Amino acid sequence: MSYPVTSGRPNYSGNFIPEIWSGKLIQNFYDATVLSAIANTDYEGEIRRMGDTVNIRTTPEITIRDYVKGQTLTVENPDKPKIQLTIDKGEYFACIEDDVDKVQADINLMDTWSKDASERMKIKIDQRVLAAIVTDVAATNEGANAGRISADIDLGTDGSAISIDKTNILDYLVDMGTVLDEANCPEGNRWIVIPAKAAGYIKKSDLRDASLSGDGTSILRNGRLGMIDRFTVYMSHNLPYTGTGGSKKFSVIAGHKMGFTFASQMTEMETIRSETTFGNIVRGLQVYGYQTVKPEALATGVITL
């Protein structure tokens with residue numbers, strides 16, 4: 001897929017400032033997407049266009065050595081490896097602000113559009129990225145025989161999904177945590193993304209809001225519910241699923257922020273005068289990239305609700 005490269009911005013006499021609107025949209029996107037909460041988004045470099053490469057900062061691995069009294073210590077200089085992430089995906093929008101609507105509108109159309117565009121971007125990008133990382137999970141952290149050590153924890157498969165209700169939803173989350181424990185996944189910064197109906201089962205379970213670290217009264221825009229068994233729990237409508245109607249099978253994804261990386265930027269934002277009607281066309285391009293770094297720091301299963 002190719003994307004047009006713009007050479008500059010046409011003159012515009014209105015109060016639309018592309019840089020400000022671009023900043024609003026990307027901020028709204030990061031506030032709304034679950035990806036900023038579950039991925040490593042700490043990158044170095046500036047994203048100017050599709051095809052750019054940024055360096056993702058990662059945590060070095062420290063070597064633990066045996067000690068014998070009186071020995072000379074080996075001192076290491078931990079290497080902080082940086083992963084190069086290519087910004088190779090893009091989504092765009094283009095809409096027109098009719099001159100008549102602009103005069104008659106009693107609201108700031110640009111602010112309204114920026115919020116709606118960021119929400120639509122979130123849906124499209126979340127769906128694409130969440131579906132991709134499911135396929136990258138380590139084999140020992142998924143399926144009916146999950147667990148690097150035990151190899152008998154059933155997280156569900158497409159052929160044999162786990163039926164979830166309010167009586168076993170917490171057990172399922174604990175099983176996910178056990179799988180990550182056996183993979184030596186750090187306990188801090190763990191997360192799990194579940195469908196809305198599964199989130200409802202948590203609220204109906206014996207644990208109810210007492211499990212949610214005081215967050216049960218307000219769900220943030222990115223779907224954050226609270227914490228259960230070291231997981232920050234997020235609800236998302238954008239998880240991959242198969243089937244139709246009441247027979248849908250949903251993927252559940254859990255892990256640590258070191259599991260995969262994500263970076264995004266609104267690189268093009270411009271307005272041009274329409275040639276076919278009286279109005280201004282506003283269009284923007286958001287580019288992004290993602291990459292699984294540690295498959296063993298991710299876990300997935302398949303459930304029915």
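In which loop is asparagine 184 found? Asparagine 184 is found in the loop between α5 and β6. The structure described here is a predicted model. The chain has six helices and 13 strands, and 42% of its 305 residues count as buried. The points below move from the whole chain to its cores, a strand pair and some individual loop residues.

**The chain as a whole**

**The nonpolar cores**

- In soluble globular proteins, nonpolar side chains tend to be buried together.
- The largest nonpolar core in this chain holds 29 residues, and the members that touch the most others are Tyr172, Met176, Ile192, Ile194 and Val233.
- Two or more residues of this core come from each of the elements α5 (169–182), β6 (190–194), α6 (196–204), β7 (224–228), β8 (231–235), β10 (249–256) and β13 (298–304).
- The element that gives the most to this core is α5, with six residues.
- Methionine 176, one of the residues touching the most other core members, is in contact with Leu155, Ile192, Phe231, Val252, Ala254, Ala299, Thr300 and Gly301, when neighbours within four places in sequence are left aside.

- On β2, the covered face carries Val54 and Ile56, whereas the uncovered face carries Thr53, Asn55 and Arg57.
- The strands β2 and β3 run antiparallel and are joined by five bridges.
- Within this pairing, isoleucine 56 stands opposite isoleucine 83 in β3.

- Tyr67, Leu73 and Val75 make a nonpolar surface patch of about 400 Å².
- Leucine 73 lies in the loop between β2 (53–57) and β3 (82–86).
- Leucine 73 counts as exposed because its relative accessibility is 59%, and the cut-off for exposed is over 50%.

**A buried glycine in a loop**

- Glycine 259 is placed in the loop between β10 and β11 (260–273).
- Its relative accessibility is 0%, so glycine 259 counts as buried; the cut-off for buried is under 20%.
- Glycine 259 and valine 293 are 34 residues apart in sequence, yet their C-alpha atoms are 5.5 Å apart in space.
- Beyond residues up to four places away in sequence, glycine 259 touches Thr292, Val293, Lys294, Ala297 and Leu298.

- Asparagine 184 has a phi near 60°, which is a positive value in a residue other than glycine.
- With a relative accessibility of 60%, asparagine 184 counts as exposed.
- Asparagine 189 is likewise found in the loop between α5 and β6.
- The phi of asparagine 189 is near 65°, again a positive value in a residue other than glycine.
- Asparagine 189 is exposed, its relative accessible area being 54%.

Key
Residues numbered from 1 in each chain as written. Predicted model: local features only at pLDDT ≥ 70, side-chain atom pairs only at ≥ 80, totals over all residues. Heavy atoms only, no water. Helix = DSSP H or I, 4+ residues; strand = E, 2+ residues; numbered from the N terminus. Buried < 20%, exposed > 50% of the residue type's maximum accessible area, 1.4 Å probe, protein only. Patch = residues over 30% accessible without salt bridge, like charges linked within 9 Å, V, L, I, M, F, W, Y side chains within 5 Å. Areas by Shrake-Rupley, 256 points an atom, 1.4 Å probe, with all protein chains shown as cover. Salt bridge = Lys/Arg side-chain N within 4 Å of Asp/Glu carboxyl O. Core = buried A, V, L, I, M, F, W, Y, C linked by side-chain atoms within 4.5 Å. Contact = heavy atoms within 4.5 Å. Pairing = 2+ DSSP bridges.
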